[in-house]
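Hi,

Here is the structure I promised to pass on.

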Amino acid sequence: MDMGENSPPPRADGASERRRVCYYYDPRIFHVDYGEKHNMVPRRVAMAHGLVTAYGLLDDMDLLRVAPATEEELMHAHSKEYLDFLRGLTPASYDRDGEVRETAKKHKLGKIWDRRHRCWNNDNPVIHDLWDYCLRYAGGSLAAARALAGGGYRVAINWSGGMHHACRSEASGFCYVNDIVVAVKALLGRFRRVLYVDIDAHHGDGVEAAFRERGRVMTVSFHQYDGHSFFPFTGGVEDVGEGRGKYRALNVPLEAGTGDERYHALFKPIMGRVMEVFGPDAVVLQCGADSLAGDRIAGLGLSVRGHAECVRLICGYNLPLLLLGGGGYTINHVASCWCYETAVAIGKEIPDEIPQHGYQHYYQSQEYKLHYRTDQGGHVAETEHMANVKRRVMEHLEALAAELNEQPEPEPDSDEEPPQALNSSTE
């Protein structure tokens with residue numbers, strides 16, 4: 001299938017002739033606290049914003065000022081029962097009421113017995129102002145999607161979003177509501193086909209589950225995977241979606257220690273073929289930074305430049321692009337990465353030396369450099385695992401190409417509105 005005017009080949013430098021960028025940040029994110037020993041530290045978004053400000057990048061973007069999402073809007077991704085419970089849940093009600101704790105357990109909130117590892121976990125703790133936090137990060141992603149749909153922007157950014165594990169009636173993997181699903185459904189009201197790409201170290205299971213039977217959304221997830229012990233234990237290469245969504249869920253399972261060269265050896269040809277075959281009209285890129293070297297949980301081992309190269313490549317297709325955050329648990333590395341990727345989205349190179357600003361002390365361990373040292377080594381040969389994954393993924397794409405050649409126009413699903421006609425004056 002020809003790429004067509006909706007999916008131009010990327011420019012070599014990742015630049016765009018006209019890349020207007022809008023950006024969402026809510027300072028209240030600083031006060032969200034998952035708990036002293038929890039791996040998720042939302043303050044990393046405030047740190048990224050501090051760097052974005054210190055580098056003067058706010059002057060190159062429009063700041064989105066939006067209202068929080070509403071419960072009705074979140075119902076595009078979640079059941080009413082789950083949202084009603086989440087809205088009323090507080091640490092006080094959880095602590096004093098056994099019935100509340102039992103219902104919370106049903107929705108994977110609070111302390112849960114982990115049968116796999118035979119221990120208690122508190123991945124999704126009952127925290128103060130939980131409902132407000134959910135409405136705000138989801139509201140940012142929804143507003144960013146609507147900004148793209150309005151035609152005034154080519155790139156929209158919300159680093160507090162990207163919570164890809166949350167399911168219809170359950171929290172999961174530090175994610176309470178799935179802002180990505182809400183944003184994608186908003187984009188479907190304007191665009192014929194939407195592509196979701198996930199470069200988090202963990203499989204984008206919640207987003208895949210929401211669209212695995214849909215014809216107008218394709219999900220592509222590059223993630224660490226060992227088949228048995230790495231959360232969320234899903235995302236094997238054989239997982240390709242089902243029904244009308246068959247071959248529209250693409251999974252690229254990676255080994256720990258993959259590093260930049262091997263990652264790009266898969267990412268670039270696979271994404272090039274995805275663009276050719278699926279021909280998206282808009283892209284959502286989840287930029288989880290736990291795929292960076294030195295992460296506290298994962299081990300893919302990307303450098304900041306290596307991670308950002310994926311953003312640069314997708315920017316180069318010059319399609320409406322929603323950039324979201326996600327995982328990332330070494331917070332100074334996360335902030336460095338998302339700041340640099342903001343600059344990439346704008347099309348501006350920034351110095352390696354981190355400017356003086358309020359979070360300066362967090363970067364001492366990386367010598368106050370944006371691009372902290374990683375051990376990438378020299379040329380790294382393709383592994384047997386990589387070759388097998390690439391072969392199978394390309395086979396799945398050829399199967400999708402054959403199907404789309406027979407029926408190129410996807411029909412809206414029963415709960416979707418047909419996409420609006422594209423206005424060429426905003427493209």
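Below is what came out of it, starting with the ground rules.

This is a predicted model, so local features need pLDDT of at least 70 and side-chain atom pairs count only at pLDDT 80 or more, while totals for chains, interfaces and linings use all residues. Residues are numbered from 1 along each chain as its sequence is written, and side-chain values use heavy atoms, with hydrogens and water left out.

Let's begin with helix α1, residues 43–54. Nine of the twelve are buried, so α1 is largely enclosed by the rest of the structure; buried means under 20% relative accessible area, with a 1.4 Å probe and protein chains only. Among the buried ones are M47, H49 and L51. The buried residues of α1 pack against β1 (21–24) and α11 (331–346), where contact means heavy atoms within 4.5 Å. After α1 comes G56, with a positive phi near 75°.

On to the cysteines. With a disulfide taken as a pair of cysteine sulfur atoms within 2.5 Å, the count is zero. For C22, the nearest cysteine sulfur is that of C315, 13 Å away. C339 has its closest cysteine sulfur in C337, and at 9.8 Å that is too far for a bond. C22 counts as buried because its relative accessibility is 0%, and C339 is buried at 0% as well.

Next, the largest pocket, with a volume of about 940 Å³. (A pocket is an open set of points on a 1 Å grid over the protein atoms alone, where a 1.4 Å probe fits, with protein on both sides within 12 Å along at least five of seven lines; lining residues have an atom within 4 Å of a point. The volume is the space filled by probe spheres set on the points, which are joined across faces, edges and corners.) It has 39 lining residues, and those closest to its centre are D114, N121, D123, F231 and F233. Strands β3 (112–114) and β4 (119–121) each supply at least two residues of the lining.

Last, L266 in helix α9 (residues 259–278): it counts as buried, at 1% relative accessibility. Beyond its neighbours within four places in sequence, L266 touches F222, V252, L254, M386 and K390.

Cheers

Key. Helices (H or I, at least four residues) and strands (E, at least two) are DSSP runs, numbered from the N terminus. The expected span of a helix is 1.5 Å times one less than its number of residues. Buried means under 20% relative accessible area, exposed over 50%, partly exposed in between (1.4 Å probe, protein chains only).
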